[in-house]
Each structure stands twice: as structure tokens, then as C-alpha cells.
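Please take a moment to look over the sequence and the structure below before reading on. The paragraphs that follow move from the whole chain to single residues.

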Amino acid sequence: MSLQTHFIPSLIVFLLSFPSYYSLPGISEASGYDASAGRANPWYPSTIQGRNFGSSKMGRSLAAVKTFNVNDYGAKGDGSDATEACSLSQGSVLVVRKNKNYLLKPITFEGPCKSSITVQIYGTLQASADRSAYSKDLTRWLVFENVQNLAVEGGGTINGNGKIWWENSCKVNDDLSCKDAPTALTFYKCVGVEVSGLTITASADSPNTDGIHVTRTQNIKISSSVIGTGDDCISIVSGSQKVQATGITCGPDHGISFGSLGDGNSEAHVSDVTLNGATLSGTTNGVRIKTWQGGSKFQNIEMHNVKNTIIIDQKYCDQDKPCKSQSRAVQVQNVLYRNIKGTSSSSEAIQIDCSEKFPCKGIVLQGIDLRVGGKAAKAECNNAKITKKGNVSPSCT
């Protein structure tokens, strides 16, 4: 199934999902804010299209399971409210028909279920633009919670109607207070996830629209996906382990990021992340590790006109007032950057700024060739133990 391009501001959250498989050509728009912290949360995209999400180990035959067509439960597919038709919590296959547009208010598919669940989206699921419909929980729209052996597939579109949230964002209008809003495609406390063939889009100036947000999730594979949003292409935060991403195309957005980590002097752990094969074009950052004061691999990556191609920021600060110097920091160690080539839009292509008390350790640069306007770029490295292998340009002095 070929990828399609649809624009969708939306929120999909997978909570406590085990062996899951997801595939939709589409994207999701949304923006979210942490009212208690007085700032925007870092994950919110605009449109999601894709082919596959889920587990390759499910091995089930759809011919032997029961299929539910949402039209049989009152949905009309003409843009009218279809929430009641999607209230099934049991069954094996739920089908959203092709060439139909279903308006959906916030809804949670909650397990555990008696059998494996497949959601086939061939048409469009569109989030309600009525902000009052989210009064019970501003952060959720479409949620699969505690569902085992879940597959989401098809070739349809999930449209999160993110524009209405962006317009009311404190990052767009300083006179507005920061409030919660639906987040985007988030995998939270999931185990054994495969994601492939997604197209995720949001306006380049949309606030906090991460493409895919991974948190407290283990054994997730993301492949063959195209992401262009207003924030991180893929963000990986605390508690995530064994994350693999291959064949990823990013831009425009903020690149691929670890973090932010360690907010509020909290502990944060991310390990065994491999990015192998990616193309980033016109992004603010390339591959970035950002930690608040208080063994991963990036390899075979092409950069095209990327502002900050390689960046470790151990003094990350996302607030209006300057952050105070702290005695604690998240340790960054054992990170390999290999075979990363292309062009930077700024003279300083590599920025590694680590904590004095907890310097970065085990940073390896191998086969790096980054240029600016045909000339060698610059690198700045502070408080980091760096090993160079082969040709490395630019090189820290």
C-alpha cells in the first residue's frame, strides 16, 4: 500500500499496549500544554497517515474473526458525529469505510479485551473542533488503553483538527495562559510495537507538534515513515529502551531528539536507541540530545540544509526566565555518531555542550562530513570526552 498525504491534527495515545502493530498512511495535528508547569508540552503533530502499527507476531487470520462496520452502528460517514458507533470495546475487527468522513469526539478503547483487536481505517476519522467536548480530559482524543495484540492498519486518515488548538496556544499568543491540549501520536508504557509506513504532517509554524512521541516504551521499531511538523520529528523521553528507527525522512521540523530529560531535577533514563538510515531536510536540528540541568547510535544519516546537525545540550532550558545553574544533571554517555554527511545551514554544525560536574563520556564521532556552502563547518565541544575514528569534519578543537 502506498503512502498518502493527508493533513490531520490529532491525538492518538497508546497506553499499556502489548505486541501492537500500527499502519496508517496519514498524520495527526495537535498541540498540548502543561498548565501546572506553565509551558507547552513537547509533543503535538497535525496529520497522520500510515500503513501499519502493531506486532508481526500476532499471526491471526481475519477470516476467522468477527468484523464490525461502523456504519452498522449508526455512523453515516458524512462528517456527522460517529462516536457512539465506535463505542465497541470487544470484537476482533472494526472497519472505518473508505471515502467516508467520521466525526469523532474524545473516546477511549479500553482493555483488557477477550481477543485480538484490529482497527482498519480506510476512510477518515476527524476530531471534533468543539473544544468543550474535551472538558473531561483536555489531553486525550483517540486512546487505546491496556489493549493487547492491537493492530491499526489501512490507508486512511486520522485528522486531529489541531488548528483550533494552535490558535489558542500560549506559544502563539503571549497574552493567553498555557493550558492542556490533545497530544499527538504517543506510545506510553507500550511493549513490542512496530510502526511503519506513516506520513505525519503539521504546519511548520505549529507549536509543539511532535511527530511521534515515545515515552516509557520498550522494544519499538519505527520504519519507512515521512514526518514533517512544527516540533520534533521523533522525540524519545525517559523510560524508553530498545528503540529502533530506520528509513525515516524528516523535515521541516526540529529533527530527532532525546528529551527533554531531567526536568525539575527528575531522574531520566533512555538507552539502546538506534537510528539507522535517515534523511533530514530543512530541519532546525539534526540529531539532538537535550537534557535539563539537574548507549545509543546515530548512523547512516543524510543532512540537507540542517541548522544544528549534531547537538548535545546538557543545559537545555525551555522557559522564559534563565534557568539557574544546578549541581545535578542527566548523564550522557556511550553515544555513537557514524557516517553522517551533508550540509548545515549554520557555520557551527556540531555543538556538544555538557555539564561541568557530569561531563559527557564515551562520545564517538566516526565518518563525519558536514559542510557549509561547500566549505568545512565548525564544531564546538565543552566538557565532553570524544573519540574520533576515520575522517571527522568538522572536528572539535
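A salt bridge, as the word is used here, is a side-chain nitrogen of Lys or Arg that lies within 4 Å of a carboxyl oxygen of Asp or Glu. Glu145 and Arg140 form such a pair, with their closest N and O atoms 3.2 Å apart. Keep in mind, while reading every value in this text, that the model is a predicted one.

Seen as a whole, the chain contains one helix and 35 strands. Of its 397 residues, 51% are buried, and the chain exposes about 16,600 Å², with carbon and sulfur atoms supplying 45% of that area.

Side chains of opposite charge can pair when their charged atoms come close. How many salt bridges does the rule give in this chain? The count comes to four.

One of these salt bridges brings together the side chains of Asp232 and Arg288, at 3.2 Å from N to O. This pair links distant parts of the chain, since Asp232 sits in the loop between β22 and β23 (234–236) while Arg288 belongs to strand β27, and the two residues are 56 residues apart. Are these two partners buried or exposed? A residue counts as buried when its relative accessible area is under 20%. Asp232 has a relative accessible area of 0% and is therefore buried, and Arg288 is likewise buried because its relative accessible area is 11%. Arg288, which is found within residues 285–292 of strand β27, has a further partner, for its side chain also makes a polar contact with the side chain of Ser257, at 3.3 Å.

Another salt bridge joins the side chains of Arg371 and Asp369, where the distance from N to O is 3.9 Å. Arg371 has 32% relative accessibility, so this residue counts as partly exposed, and Asp369, with a relative accessible area of 27%, is partly exposed as well. Elsewhere, salt bridges that share partners join Asp137, Arg140 and Glu145 into one network.

A cis peptide bond joins Gly251 and Pro252, with omega at about 0°, and Pro252 lies in the loop that runs between β24 (240–250) and β25 (256–261). Another cis peptide bond joins Ser393 and Pro394, where omega is about 5°, and Pro394 is found in the segment after β35 (384–393).

The angle phi is the next detail to follow along the backbone. Which strand holds Ser224? This residue is found in strand β22, which covers residues 218–228, and Ser224 has a positive phi of about 50° although it is not a glycine. With 40% relative accessibility, Ser224 counts as partly exposed. Asn383, also a residue other than glycine, has a positive phi near 55°. Asn383 is found in the loop between β34 (378–382) and β35, and with a relative accessible area of 32% Asn383 is partly exposed.

Conventions
Residues numbered from 1 in each chain as written. Predicted model: local features only at pLDDT ≥ 70, side-chain atom pairs only at ≥ 80, totals over all residues. Heavy atoms only, no water. Helix = DSSP H or I, 4+ residues; strand = E, 2+ residues; numbered from the N terminus. Buried < 20%, exposed > 50% of the residue type's maximum accessible area, 1.4 Å probe, protein only. Areas by Shrake-Rupley, 256 points an atom, 1.4 Å probe, with all protein chains shown as cover. Polar contact = N/O pair within 3.5 Å; in protein donor to acceptor, adjacent residues only side chain to side chain.
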